[in-house]
Amino acid sequence: MNVEITTMKLTDLVKPEKNVRIHTEQQLAEFQRSVKMFGQIRPIVIDEKNVILAGNGLYDTLIAMGKETAEVYRYDNLTENQKKKLMVADNKIFSLGIDNLDTLNSFLEDLQGDLDIPGFDEEILKQMVSEAEDITDKLSEYGTLDEEEIQAIKENAERKEEQIQKMESEQESVPQETVLTQPDSVTNDSEEKTAEESQFVICPKCGEKIWL
């Protein structure tokens, strides 16, 4: 399988009839940021007929930027099936990776506020770093504090812990009182019934009320 690396005019390249990847306006805008900042960092892949197999988004970006040439990998001996497989694999394999957030955060901190990075929103990156700076600043001070400052920090932490434990203890010691109440209507009915019964008796023969 022969691979030739060369520089070609963009007007000589041919876009394929079908493309596995749909490029959004945002992605193309980030492509432009990358090219302006770093130049072309990966080649466009073409076949023996100059048809683009990988790098359609980069091609569109270079055209939009008014570029005239591009670095390309040229494959001369791929079968039609191999070409299709390359187009599918190129788009899929990259999406299988995941970000190493620890390394990403470390790099962002090393950049010290210079966060104009293609592919990312600068304001969001600044917010991410600012949230981590509070912890980083405290850690960076460790080793520069004298014994009195260290002891004061420890005592302050112990006082906070004691306050939390005291509040939790007081909450647990409060008795839980259960008060049973009767509806006013029930109480009133009972009082009226008692008063009524105390004013008459029922005749056992005729069943009439005999008032006292």
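Contact here means heavy atoms within 4.5 Å. The model shown in these views is predicted.

**View 1. Helix α3 and its span.** Helix α3 covers residues 80-95, 16 residues in total. At 1.5 Å a residue, α3 should span 22 Å, and the 24 Å between its end C-alpha atoms agrees with this. At Ala89, α3 bends by about 25°.

**View 2. The buried residues of α3.** Which residues of α3 are buried? They are Lys83, Met87 and Asn91. An α-helix has 3.6 residues a turn, so residues three or four places apart point the same way. Strand β3, residues 52-54, is included in what covers the buried residues of α3.

**View 3. Asn50, a residue with positive phi.** Asn50 lies in the loop between β2 (44-46) and β3. Most residues other than glycine have a negative phi. Asn50 is not a glycine, yet its phi is positive, about 70°. Is Asn50 buried or exposed? Its relative accessible area is 15%; buried means under 20%, so Asn50 counts as buried.

**View 4. Gln112, another residue with positive phi.** Gln112 is found in the loop between α4 (101-110) and α5 (122-141). The phi of Gln112 is positive, about 50°, although Gln112 is not a glycine. With a relative accessible area of 72%, Gln112 is over the 50% cut-off for exposed residues, and therefore Gln112 is exposed.

Key:
Residues numbered from 1 in each chain as written. Predicted model: local features only at pLDDT ≥ 70, side-chain atom pairs only at ≥ 80, totals over all residues. Heavy atoms only, no water. Helix = DSSP H or I, 4+ residues; strand = E, 2+ residues; numbered from the N terminus. Expected span 1.5 Å × (residues − 1). Bend = angle between axes of the 7 residues up to and from the residue. Buried < 20%, exposed > 50% of the residue type's maximum accessible area, 1.4 Å probe, protein only.
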